[in-house]
Amino acid sequence: MTNSLDAYLILSGLLFAIGTFGFLARRNAISMLMSIELMLNGVNLAIVAFGSFIDRLRPNASVIALLVIAVAAAEATVGLAIVIAIFRNRRTPLVDEYDSMRQ
Amino acid sequence: MTIPEVIPIVNVRWDDILFLILATVMIGSALLVVILRDIIRCGLAMMVCFGALAGIYVIAGAPLVAATQVLVYIGAISVLVLFAIMLTQTKAAPARLVFQTQAVPAALAAVVLAIIIALAVGSTDWGAAGTRVRTATDALAKVLFQQYVLPFEIVSVLLLAAVIGGVFLAKRDEGEPL
Amino acid sequence: MESLVVLIPALPLAGFILTGLFGRRLDKEAHWLAVGVVVVSWLISMVVVVAALSGRLGDAGLSIKLWEWIPAGKAFHVDVGFTVDNLTAVLLIVVTTIGMLVHVYSIGYMAHDPGYWRFFAYLNLFMFSMLVLVLASSFLVVFVAWELVGLSSYLLIGFWYGRRSAALAAKKAFIVNRVGDVGFALGIMAIFVNTGTFEIRESIEKLTAAGAVLTVPLPVIALLVFAGAMGKSAQFPLHVWLPDAMEGPTPVSALIHAATMVNAGVYLVARTNLLFAHAPDAMVVVAAIGIFTAILAASIALTQTDIKRVLAYSTLSQLGYMFAALGVGAWAAAIFHLMSHGFFKGLLFLDSGSVIHAVDGEQDMRLMGGLSRKIPITYGTMLIGSVAISGIPPLAGFFSKDEILASAFKNGFLWVWLVGFIVAGLTAFYMFRLMGLTFWGPSRVDRQVEPHIHESPPVMTGPLIVLAIPSVFLGLLIGFPPESGLIHQWLEPVFTDGLEVLHRPEAAFNVFGIDGALVLSSVLIAAVGIAVAWRLFGVELPRLSREPDPERVRALTARAPFLYRASLNKWWFDDLYDLLFIRVGGRVAAFLWWFDRVIVDGTVNQIGIETQRAGRLLRQVQTGRVQNYALGIALGLLVMAGSYLVITAR
């Protein structure tokens with residue numbers, strides 16, 4: 001199993017799907033961000049798996065994975081900062097209570 | 001003494017078992033992240049998930065990425081998340097609903113998504129080699145600092161910007177409560 | 001000469017404008033301007049007429065182009081111009097002479113009316129319009145003048161606009177006229193389509209040229225033009241407006257509805273005689289409608305009690321004669337009758353106005369009687385007019401009417417002759433019935449009015465006397481000898497082409513043959529009519545006197561109740577039209593209004609409502625929650641990915 005690319009990819013897909021569910025279903029903004037991190041990690045796993053099994057991509061895949069991690073970090077920083085800022089205004093971390101754009 | 005490739009009695013390979021265990025842990029903790037009511041526990045589950053994922057990176061032959069995963073994700077991002085959780089706590093938090101009204105369609109979407117990905121993956125011939133090959137660190141270093149040096153630098157600027165931005169956004173004004 | 005011709009209509013136009021602008025200030029002196037211009041116009045007309053009829057303007061007459069009205073390239077080009085040929089000249093005599101006399105008469109008749117200056121302004125406008133109509137050389141200009149004449153008629157019928165009946169009558173006249181005008185307009189369009197020109201002479205030449213290819217057949221064009229004539233000259237079935245038009249002041253009735261405007265239709269058909277000559281079927285239609293109108297109107301005149309109504313129906317009947325003449329090809333006879341009728345009918349109307357003036361506004365003949373001694377000039381002239389219209393020789397009516405009947409008989413239209421013959425008798429009868437009720441017998445005038453009965457002032461009796469002269473002598477002057485008198489010589493160049501087409505031989509008048517017999521018969525029937533009228537309604541002439549016999553009258557009417565009621569109710573045509581057009585038309589209009597409101601507007605409104613509803617529905621998508629939107633994205637993505645997989649898997 002460890003020698004089949006499909007296993008890693010399905011695993012990555014599963015992780016991504018779980019992340020999607022969390023993003024669409026949770027009320028807390030921070031939960032949503034955590035779900036996003038899960039999604040990013042799922043993608044990262046796929047990239048690394050490709051790098052492992054396909055010769056052409058070997059060192060590049062890892063580089064890409066590293067960069068993804070870096071960007072994810074940056075995004076998490078800013079996202080969380082925004083959530084904190086909004087929390088200061090609304091006193092609630094629940095996204096369905098941020099509905100001033102509602103018709 | 002080298003570890004034998006196959007576990008004696010059950011005739012299963014080590015790495016397979018390891019992979020299975022780590023995969024289970026990862027998926028399990030991922031599920032906990034999205035299901036648990038208490039967000040702090042979610043955060044902790046996330047850390048476990050990242051750890052398991054790092055292990056899978058090792059098995060897949062990308063030790064540097066695994067190390068970076070541990071350092072950055074578990075060491076920095078997860079901590080950041082936990083801090084944010086603590087900063088946005090409200091008293092009434094546990095009593096409320098965990099899920100949105102659209103949780104069911106969301107679950108459905110997630111399941112369908114997983115199935116589609118599985119189908120797509122399964123029906124594609126990746127032209128991959130039969131076994132996994134470890135990434136050599138010096139090869140990686142060469143590529144990183146020759147071909148990808150520009151993205152590397154840009155990412156560092158990006159991180160700088162993110163840090164400054166984050167600090168500014170989350171700054172407390174005079175007299176505002178935490 | 002050309003500038004003289006232009007002055008003829010231009011002067012009344014100036015009169016209209018100036019009287020309209022300054023009339024209020026001129027007030028009682030307004031007539032000087034209005035009557036003055038008409039008198040001058042008459043003088044100039046006489047000069048032009050003499051020039052035309054003496055042949056100095058040539059056979060085709062004088063053509064004047066005034067200006068280019070619509071220069072829309074080669075395909076559509078309209079000039080405004082005048083043509084003065086002999087037909088125009090004859091019409092000019094009638095229009096200007098009677099117009100002038102009516103203007104003078106109105107000074108007296110309308111003396112006490114607050115709208116004195118307005119009346120003269122409208123009269124001048126009418127004169128202008130009518131003169132342009134007879135002078136015009138292009139169908140389009142004729143049409144414009146046609147409408148203007150209709151407008152003047154409307155203004156004058158409804159002159160006393162405060163009276164509801166007058167306002168309604170004016171509307172009725174205009175609307176019924178309009179119906180005819182639709183036909184006329186279509187006819188003009190058909191003429192233009194087929195010839196590319198609106199000029200009368202040119203287009204008729206082109207239409208009747210041998211081998212002309214027409215998209216609209218000639219009879220149709222002719223009938224369309226006749227439709228216009230029907231409206232303006234009140235022929236059946238568009239005759240209903242003329243009796244109601246008596247709501248207007250009597251000078252208006254005299255001028256417009258006896259002598260000029262109603263003759264416009266006759267003039268039009270005479271002008272386009274070549275067109276009709278090439279369409280014999282159309283001519284039969286014209287004759288039929290004409291003679292039918294004649295007997296219809298005469299039958300109604302028998303029982304009317306309003307003096308002006310009798311004269312109105314009489315006018316309808318005589319117009320019918322004229323159209324019957326046109327229909328059988330006796331064009332010169334028709335114009336001759338137009339002329340003589342203009343004079344004696346004008347005279348009769350002005351006389352009736354004088355009578356009404358004398359009895360302080362009463363128009364019902366049942367409340368008159370015995371006026372012969374009290375208003376002698378009016379009585380005398382009216383007697384002359386009645387004799388003229390009854391066709392007693394040697395007065396004018398005899399010559400013109402007899403020519404029409406003779407032409408009908410000799411050209412094979414026996415039915416026209418027969419009906420015309422009967423109508424002649426009826427005409428004599430109802431005219432002398434009128435005389436009997438009004439002037440003879442015991443006085444039935446209202447006790448309070450009786451002492452005040454007085455003859456009209458000279459400004460009114462003057463025109464009466466002047467009009468009596470041609471009523472007596474016109475026939476002898478221009479209609480004798482029959483078929484070759486002056487009038488025929490004058491009109492020969494106008495009608496000769498048409499007569500050629502009809503293959504009418506030039507037969508001499510044979511006193512001792514068929515012609516003599518016809519003359520005798522028409523005189524006899526007129527005499528019979530008069531005798532019956534005297535028997536029933538009395539007479540008071542020197543050496544002949546008889547008391548009226550109301551018992552006998554009642555007995556007679558009792559023996560034919562349906563006919564009497566039909567005659568009294570104008571054969572219920574007004575009621576029929578009311579039912580058809582007002583009631584049924586009203587229902588149709590109401591339905592269409594419902595349709596427009598509910599269906600057309602409703603559809604448009606519904607589109608708006610549905611749009612709003614759709615908007616309301618769609619608005620619910622905008623929840624303001626990012627996760628809802630994200631779910632949407634996820635679902636969309638899944639659909640796309642799924643379908644891609646499915647498609648590539650096949």
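**Helices, interface and cores**

Modeller: The axes of helix 3 (residues 86-109) and helix 4 (residues 116-135) of chain C come within 10 Å and cross at roughly 175°. This is a predicted model, where local features need pLDDT of at least 70, side-chain atom pairs count only at pLDDT 80 or more, and totals for chains, interfaces and linings use all residues. Residues are numbered from 1 along each chain as its sequence is written, with chains lettered from A and ligands numbered from 1 in the order in which they are written.

Colleague: How are helix 3 and helix 4 of chain C oriented to each other?

Modeller: Angles over 145 degrees count as roughly antiparallel, and helix 3 and helix 4 of chain C are therefore roughly antiparallel.

Colleague: Which residues of the largest nonpolar core touch the most other members?

Modeller: In general, nonpolar side chains tend to be buried together in soluble globular proteins. A nonpolar core is a set of buried Ala, Val, Leu, Ile, Met, Phe, Trp, Tyr and Cys residues joined through C-beta atoms within 7 Å; buried means 20 or more other C-beta atoms within 10 Å of a residue's own. Here the largest has 213 residues, and C:Ala324, C:Ala334 and C:Ile335 touch the most other members. Helix 4 of chain C gives the most to this core, 17 residues.

Colleague: How many residues of chain A are in contact with chain B?

Modeller: 66 residues of chain A are in contact with 76 of chain B. Helix 3 of chain A gives the most to that side of chain A, with 24 residues.

Methods: Two residues are in contact if their C-beta atoms, placed from the backbone, lie within 7 Å. Helices (H or I, at least four residues) and strands (E, at least two) are DSSP runs, numbered from the N terminus. Axes are lines fitted to C-alpha atoms, for helices over the stretch in contact, and angles run from 0 to 180 degrees between N-to-C directions. Angles under 35 degrees count as roughly parallel, over 145 as roughly antiparallel, 65 to 115 as roughly perpendicular and the rest as oblique. A residue is buried if 20 or more other C-beta atoms lie within 10 Å of its own, exposed if 12 or fewer, and partly exposed in between; C-beta atoms are placed from the backbone.
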